[in-house]
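I opened my notebook to write down what I looked up, one item at a time. Here is what I was looking at.

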Amino acid sequence: MDVDVFDTDYKMTARGRGKLYEVDHDSLSQADIERVMQKDVDHIKGVLDVDGDSASILLRHFNWNKEKLLEKYMDNATAVNEAAGLALPERSPQPGRSPRPQSTGPTRTTRRSTAESSKSGKTKAILERISPPVEEPQSFVCGICFDDSQTKYLALSCEHRFCTECWNAYITSKVRTEAEQWITCMADGCSLVASNLFVQQCLKKHPKTWERFQELLVRHFVSSNHSLKYCPYPSCTYTVSCPSAASKSSLTSMVPIVTCGASASHKFCFGCAIDNDHRPVVCGVAKLWMQKCQDDSETANWIKSNTKECSKCQSTIEKNGGCNHMTCKKCKYEFCWVCMGPWSEHGTAWYSCNRYDEKASVDARDAQSKSRASLERYLHYYNRWANHEQSAKLSVELYAKTEKKMEEMQMTSDLTWIEVQFMKKAVDEVSKCRTTLKWTYAMAYYLDSGNQKELFEDNQRDLERAVEELSELIEQPLDPEVVPTLRQKVTDKTVYVQKRNEIVLEDTAKGFLEGRWQWNQSVEGFD
Amino acid sequence: MDARLRRVNKEIADCKNDKTSKVSIELVDNSPYHLVGSFDGPEGTPYEGGHYEVDIIIPESYPFQPVKMKFITKVYHPNVSSQSGAICLDILKDAWSPVLTLKSTLISLQSLLCSPEPNDPQDAEVAKHYMTSRSSFDETARYWAVTYAGAPRKSEQGSKDVDAEVAMAGLEKAHVDRFEALGFERAKVIDVLRRLNYRGANVPKISEDRIVEELLK
Ligand SMILES: [Zn+2]
Ligand SMILES: [Zn+2]
Ligand SMILES: [Zn+2]
Ligand SMILES: [Zn+2]
Ligand SMILES: [Zn+2]
Ligand SMILES: [Zn+2]
């Protein structure tokens, strides 16, 4: 097989040629979302005959639910304006006054509840007015900083005046510290909301904070829409749209792993909080597993450690690559890193390192041996899960080592840089498959025993074996004599591994669609 | 001078100059950002006659973020943690406004002592006690005020130390008397009832047999 063919094939996979385990999704930039928001704002502006900033506040108050906004607005516009912080209730703190006199009673009513309780009684509609900071002719002392050198003040339409410095500090604190886009007046008990224009004016000299505010508006919009999700990667501003995974119920039949447009490495689950690929297992099971691992972390911590003792000579062996075929430096004993069993048995058909012997726990009679058996059962799966995770983490080192090998190959053979890329492709494939394998152990832990589970574990074993073989090929010391053969072998094996991975992912996804998988305990969404 | 420092200095000065004020603010060390506020327990409450101290931390972004306050003096109150002195009050959280001051916040705390909000509790056990048995709650609150806040012991109130112990544990005197009458040592009864949390809503849930069983251990 030629490298180029493989390359095209790989791309086709990534594009999702109607694969069951891929989900259709789009990536939107911040500007894209802002355009969508603007469309909603324009729509409300037109229907309700209000200005754009008011439309934005109304929409935000109703979490961008246009239908609900229109319905409530038609019903009682005054109450809506009040609740949304666009207008003052009739009886409200007197405008123009400094802080309310020393209160004697605790202010138990929270702002929000005041704002949301629809009070009867007239509201005086106040148009949002934005004017340049006003220079107070008489002595103006800001009720917050008491700085009499501050002469410029700003106020929302409630006329609660504060100096521009304080407004800036307040909005900065709301935006930066609280990540809040809903900014109310600073006066105690006043629930008027600052318009975007007002915020922009206050942050005139702080463009970074203004940018952050705009990002918060986008984030609020995205979080209000079930078919959108903000990319969880640090400082990424992309949003992914995935309507088919918008409902909770859809998550029992698919694993919506998506990638944002900023980078192919920004891979995350649209359905849950795991910011990585957890295919083939559905969100509910992945969550159960993560919780289980957290609860039992102490018992299982030792497994994660990077060193183990050789079971023959007891010398310490450190793992520094992804391959599970270990050879003790001292006694040359070859063993499996995961089960510590002799490696020689792993090649034969009757040996399976991936399957847990359920008989042991069935035989257990008394409670104590039962609980020991259940811990052993868990450790069997956890061991393998953690091992693949660890191997995937070691892939950074593996990449570095591989790169060196690729350079070496160029020197010792007549292969070009392009032609030695097969090594990197193999490493890519191995780390991708280890992610799949890792989660297959979480899946197997919860799968009800029976025919279906056995078929699943057969596929798992085939993939695991292929991955270990490929892993070994790329980690073995380089012999210049055999580079052309190695290239052929690695390339073929990579294609095979990719096929095995495809089978696991595709068959599991199909099983979810058919409702074929049965769990040994209750899983959210399944009944 | 930075805005926070100016503001805090002015607040401290205003408080000092106000001779009629019922609250006071003192510096702990030389930093104006760590203070101790104090006020008297409001009249007509179990806290009357007590003197209450509050630890005050002025955060970096004060007054745009709320001041941090907690009771130093132990208080038996639904909205105050009986362990840590942490306070559940909306103006110390999301209902904070930059125009509120240390003084107005302390006055709000004082008012909180008058009007507990058991539906939004900080200390669930105390709140339960408050809701199910006011007289017993008042007794315990009073005892805490006497013990920790320096409130005068009233003459008609139990002069016997054992009764004080009952109030202290937040238990009903009648309950303790009943089990004592069965022939158990009073101190042991108090200890067991306290451990079983035999208070308020828990009382009907705990059978007498269970208590006797514990007492016999
Ligand atoms: Zn000011
Ligand atoms: Zn206002
Ligand atoms: Zn991203
Ligand atoms: Zn998920
Ligand atoms: Zn060895
Ligand atoms: Zn093994």
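Predicted model: local features only at pLDDT ≥ 70, side-chain atom pairs only at ≥ 80, totals over all residues.

**Entry 1: charges in chain B**

**Entry 2: chain B as a whole**

I went through chain B and found eight helices and four strands. Along the sequence the pattern reads α-β-β-β-β-α-α-α-α-α-α-α. I then checked the box that its C-alpha atoms fill, and along the principal axes chain B takes up roughly 70 × 35 × 30 Å.

How much of chain B is buried? Of its 217 residues, 54% count as buried. The accessible surface of chain B is about 10,100 Å², and carbon and sulfur atoms hold 50% of that. For contacts in chain B between residues at least 6 apart in sequence, I noted that 52% join residues at least 24 apart.

**Entry 3: what the record says about chain B**

I looked up the UniProt record, an unreviewed entry, and there residues 3–150 of chain B are listed as "domain: UBC core". I checked that span in the model: 35% of it is helix and 16% is strand. Its end C-alpha atoms are 38 Å apart.

The unreviewed UniProt entry also puts an "active site" at Cys88(B). Where does Cys88(B) sit? I found it in the loop between strand 4 and helix 2 (102–114) of chain B. Is Cys88(B) buried or exposed? The cut-off for buried is under 20% relative accessible area. Cys88(B) has 5%, so it counts as buried.

**Entry 4: strands 3 and 4 of chain B**

Next I looked at how strand 3 (residues 51–57) of chain B meets strand 4 of chain B. The two run antiparallel and are joined by four bridges. Which residue of strand 4 is opposite Val54(B)? I read off Phe71(B).

Strand 4 covers residues 68–71, and I sorted its residues by face. Met69(B) and Phe71(B) are on the covered face, while Lys68(B) and Lys70(B) are on the uncovered one.

Most residues other than glycine have a negative phi, and most peptide bonds are trans. I went looking for exceptions.

Two cis peptide bonds went into my notes. One joins Arg279(A) and Pro280(A), with omega about 10°. Pro280(A) is in the loop between strand 10 (267–269) and helix 10 (283–295) of chain A. The other runs from Tyr62(B) to Pro63(B), with omega near 0°. I found Pro63(B) in the loop between strand 3 and strand 4 of chain B.

Then I turned to phi. Trp64(A) is not a glycine, yet its phi is positive, about 60°. Its place is the loop between helix 3 (52–61) and helix 4 (66–75) of chain A. Trp64(A) has a relative accessible area of 9%, so it counts as buried.

Glu159(A) also has a positive phi, near 70°. I located Glu159(A) in the loop between strand 5 (152–154) and strand 6 (162–163) of chain A. Is Glu159(A) buried or partly exposed? Its relative accessibility is 23%, so I put it down as partly exposed.

**Entry 5: Gln521(A)**

I found Gln521(A) in the segment after helix 17 (483–514) of chain A. At 38% relative accessibility, Gln521(A) is partly exposed. Which residues does Gln521(A) touch, leaving aside its neighbours within four places in sequence? I wrote down Leu288(A) and Tyr446(A). Tyr446(A) is 75 residues away from Gln521(A) in sequence, but their C-alpha atoms are 6.9 Å apart in space.

**Entry 6: chain A as a whole**

I finished with totals for chain A, which has 17 helices and 14 strands. Of its 527 residues, 48% are buried. The accessible surface of chain A is about 26,600 Å², with 50% belonging to carbon and sulfur atoms. Among contacts in chain A with a separation of 6 or more, 62% are between residues 24 or more positions apart.

Note on methods: Residues numbered from 1 in each chain as written. Chains lettered and ligands numbered in written order. Heavy atoms only, no water. Buried < 20%, exposed > 50% of the residue type's maximum accessible area, 1.4 Å probe, protein only. Pairing = 2+ DSSP bridges. UniProt positions renumbered as here; feature names shortened; annotations may be inferred. Contact = heavy atoms within 4.5 Å. Areas by Shrake-Rupley, 256 points an atom, 1.4 Å probe, with all protein chains shown as cover.
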